[in-house]
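Here is a short report on one protein structure. It covers sheets, cores and side-chain pairs, in that order.

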Amino acid sequence: MSLEMAAESSEGEEEAGKLTGGNHLLVVDDELTELGKKAAWSVSSCKPGNSVSSLRDQNLETFWQSDGAQPHLVNIQFQKKVRLQLVVLYVDFKLDESYTPSKISIRAGDGFHNLKEIKSVELVKPSGWIYLSLSGVDPRETFVNTFMLQIAVLSNHLNGRDTHVRQIKVYGPRPNPIPHQPYQFTSREFITYSTIR
């Protein structure tokens, strides 16, 4: 089943750091762009045939499966600093049961030496796309400016040891399409009026 073929939709609800449900349709704001293709991806461990490439293959039938002690880590490293605003995971409790993550920590930094937790979330029997905003409490903090993002699976449902994650996507604000423009406008309306003719 490809990403485009997923059909059903069930809304996820967030309450005090807990996420339930999930969307079976991936819907992301036009103002965001997927930045995962610009990164080097690695994992802390994997079973043969279920490697890091399964996280990025656009196929909801495949999955990364860890093979070792928790926490299970997905490392996303960029060559230059990028603005990240949203992480989207596809996990499925109905298919993966005890392999489904229940606690996830997202960390950001310049490299492995200075990662700091920026988001922690508890998932309750998720099934579908789970949206994790990286925006801060302050409305001016709409994104994280970082060289590296690490997604740590701290625990699984039913005390499972290894984990399954089917897809991961990372999004940031769409870059300004007008070269040499001093301002980085992200909305179409502002870009329309950003030059004098």
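S3 and S13 pair in the antiparallel sense over three bridges. Strands here are DSSP runs (E, at least two residues), numbered from the N terminus. Two strands pair if DSSP finds at least two bridges between them. Within this pairing, Thr33 has Gly172 in S13 as its bridge partner.

The model is predicted: local features need pLDDT of at least 70, side-chain atom pairs count only at pLDDT 80 or more, and totals for chains, interfaces and linings use all residues. Residues are numbered from 1 along each chain as its sequence is written, and side-chain values use heavy atoms, with hydrogens and water left out.

S3 and S13 belong to an open sheet of four strands. The order is S3-S13-S7-S10, with antiparallel pairing. S3 and S10 stand at the edges with a single partner strand each, so one side of each has no neighbour in the sheet. From one strand to the next, the twist averages 25° (axes are lines fitted to C-alpha atoms, for helices over the stretch in contact, and angles run from 0 to 180 degrees between N-to-C directions).

## An aromatic pair

One aromatic pair turns up in a search of the whole structure. The rings of Tyr90 and Trp129 have centres 5.1 Å apart and planes at 75°, so the pair is edge-to-face. Rings of Phe, Tyr and Trp (its six-membered ring) pair if their centres lie within 6.5 Å; planes under 30 degrees apart count as stacked, over 60 as edge-to-face and the rest as tilted.

The pair links distant parts of the chain. Tyr90 sits in strand S7 and Trp129 in strand S10, 39 residues apart. Both Tyr90 and Trp129 are buried. Buried means under 20% relative accessible area, exposed over 50%, and partly exposed in between (1.4 Å probe, protein chains only).

## The largest nonpolar core

Which residues touch the most other members of the largest nonpolar core? They are Val74, Ile76, Val87, Leu149 and Ile168, out of 29 residues in this core. Such a core is a set of buried Ala, Val, Leu, Ile, Met, Phe, Trp, Tyr and Cys residues joined through side-chain atoms within 4.5 Å. Several strands each supply at least two residues of this core, including S4 (39-43), S6 (72-84), S11 (144-156) and S13 (167-173). S6 gives the most, with five residues.

Ile76 touches Ala39, Ala40, Trp41, Phe147, Met148, Leu149, Ile151 and Val170, not counting residues up to four places away in sequence. Contact means heavy atoms within 4.5 Å. Another core lies apart from the largest one. This other core has seven residues, among them Leu32, Tyr90, Trp129 and Tyr171.

## S6 and its partners

S6 pairs with S4 in the antiparallel sense over five bridges. Here Ala40 stands opposite Gln77 in S6. S6 and S11 also run antiparallel, joined by nine bridges. In this pairing, His72 stands opposite Val153 in S11.

Val144 is also in strand S11. Is Val144 buried or exposed? Val144 counts as buried, at 14% relative accessibility. Its contacts are Val82, Arg83, Leu84, Ala108, Ile118 and Leu134, not counting residues up to four places away in sequence. Val144 and Leu86 are 58 residues apart in sequence, yet 9.3 Å apart in space, C-alpha to C-alpha.

## Salt bridges

Side chains of opposite charge can pair when their charged atoms come close. The whole structure holds four salt bridges, each a side-chain nitrogen of Lys or Arg within 4 Å of a carboxyl oxygen of Asp or Glu. Arg56 forms one with Glu34, the closest N and O atoms being 3.0 Å apart. Arg56 lies in the loop between S4 and strand S5 (64-65) and Glu34 in strand S3 (residues 32-34), so the pair ties together parts that are 22 residues apart in sequence. Arg56 is partly exposed, at 21% relative accessibility, whereas Glu34 is buried, at 14%.

Lys47 forms a salt bridge with Asp67, with the closest N and O atoms 3.4 Å apart. Lys47 lies in the loop between S4 and S5, and Asp67 in the loop between S5 and S6, so this pair ties together parts that are 20 residues apart in sequence. Lys47 is partly exposed, at 27%. Asp67 is partly exposed too, at 34%. Arg161 and Asp162 form another salt bridge, the closest N and O atoms being 3.6 Å apart. Arg161 counts as exposed, at 53% relative accessibility, while Asp162 counts as buried, at 6%.
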